[in-house]
Amino acid sequence: MAEYTQQQLLDLVNSSQVNPGNERVRQISQRIVSDLFRAIDDLDIKPDEFWAGVNWLARLGASGQIGLITAGLGFDRLIDIREEEADEAANRAAGTPRAIEGPLYIAGAPLSEGQARLDEDPPRGEVLVMEGQVRDTDGNPVAGALLDVWHANELGRYSHFDPDQEDYHLRRKIRTDAQGRYRFRSFIPPGYAIPPASPTSELFEALGRHGNRPAHIHFLVAAENLRTLTTQVNIPGDTFLDDDFAFATRDGLVVELQPGTPPAGYESLGVNAPFTRVCFDFVMQPA
Ligand code: MBD
Ligand code: FE
């Protein structure tokens, strides 16, 4: 009969095949399963602990928060760090620092030419006009780049993940003009906190960690023959700037808030009172 030692069981799990399968998937799966077998043995993980973990994973999947956990455990930032190490090793010109996409991006936001207004009347926060240029690493403007922008509402929540917001609320796609410029009006968003009483908050409480992100605005910039740039800008002065639960903030991405005074060509965005202006250019690497 099939009586196994731990090692025999592991070898069997990692080798039993009826066809070649996918070699890369097998390699990665074998490594992760081996590491887990070892962790269970080294840490003397008890049956109730093991099944509590399985139960938590099942609830995590059902909650749609897997992307929140990968960010909170540093994996999303790790992927970016490795990309940048590869850039450096290959001597590729750096563009705007990348920052993680996070789990809250939704494709298909309404498209605007050159500029857009994300918020609606009455303003629900400090009016913000952010504008700038998209360039390549040689300094050429990128006309017709598609810049996705998304941020949280005044309660720190994102549309499509919040039943109280319309689809695509505070999400737009802006096509840069002939000079590669974009501009949008919105408001300065607050920070983000992981949902309470959720699988993610449960783990973070057990780890003694908080689940806060400083105030930020997300961007995904795409253009032909250029490498898609995923990044975020941070609002200065936030308590969590250097203590982001998703490890996504970066020195080069904290913007400067400037006092703006209309009229300065902002009438079409409904700006007719003092507002906060942010100038920020995006630099895209070759594909
Ligand atoms: C966010 O708003 C976010 O940007 C990330 C990376 C993770 C969770 C919430
Ligand atoms: Fe976010």
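Ten names form the shell around ligand 1: L68, I100, G102, P103, L104, Y158, Y192, R213, H216 and H218. A residue is near a molecule if one of its heavy atoms lies within 4 Å of it. This is a predicted model, in which local features need pLDDT of at least 70, side-chain atom pairs count only at pLDDT 80 or more, and totals for chains, interfaces and linings use all residues. Residues are numbered from 1 along each chain as its sequence is written, ligands are numbered from 1 in the order in which they are written, and side-chain values use heavy atoms, without hydrogens and water.

By class, the shell has 6 nonpolar, 3 polar and 1 charged residues. Here Ala, Val, Leu, Ile, Met, Phe, Trp, Tyr, Cys and Pro count as nonpolar; Asp, Glu, Lys and Arg count as charged; the others, Gly among them, count as polar.

Which side chains have an N or O atom 2.6 Å, 3.1 Å or 2.8 Å from an oxygen atom of ligand 1? For R213 the distance is 2.6 Å. For H216 it is 3.1 Å. For H218 it is 2.8 Å. Taken alone, ligand 1 exposes 260 Å², and the protein buries 100% of that. These areas come from the Shrake-Rupley method with a 1.4 Å probe.

Where does ligand 1 sit? It sits in the largest cavity. A cavity is a set of points, on a 1 Å grid over the protein atoms alone, where a 1.4 Å probe fits but cannot get out. To sit there, a molecule needs more than half of its atoms within 2 Å of the grid points.

Now to the strands, which are DSSP runs of E with at least two residues. Strands pair if DSSP finds at least two bridges between them. β3 (residues 127-136) and β12 (residues 275-279) run parallel, joined by 4 bridges. One bridge links V129 to R277. β11 (residues 258-260) runs antiparallel to β12, with 3 bridges. There, P259 stands opposite T276.

The peptide bond from D121 to P122 is cis, with omega near -10 degrees. P122 lies in the loop between β2 (115-117) and β3.

Terms used:
Polar contact = N/O pair within 3.5 Å; in protein donor to acceptor, adjacent residues only side chain to side chain. 1 Å grid on protein atoms, 1.4 Å probe; cavity = no way out; pocket = protein on both sides within 12 Å on 5 of 7 lines; lining within 4 Å.
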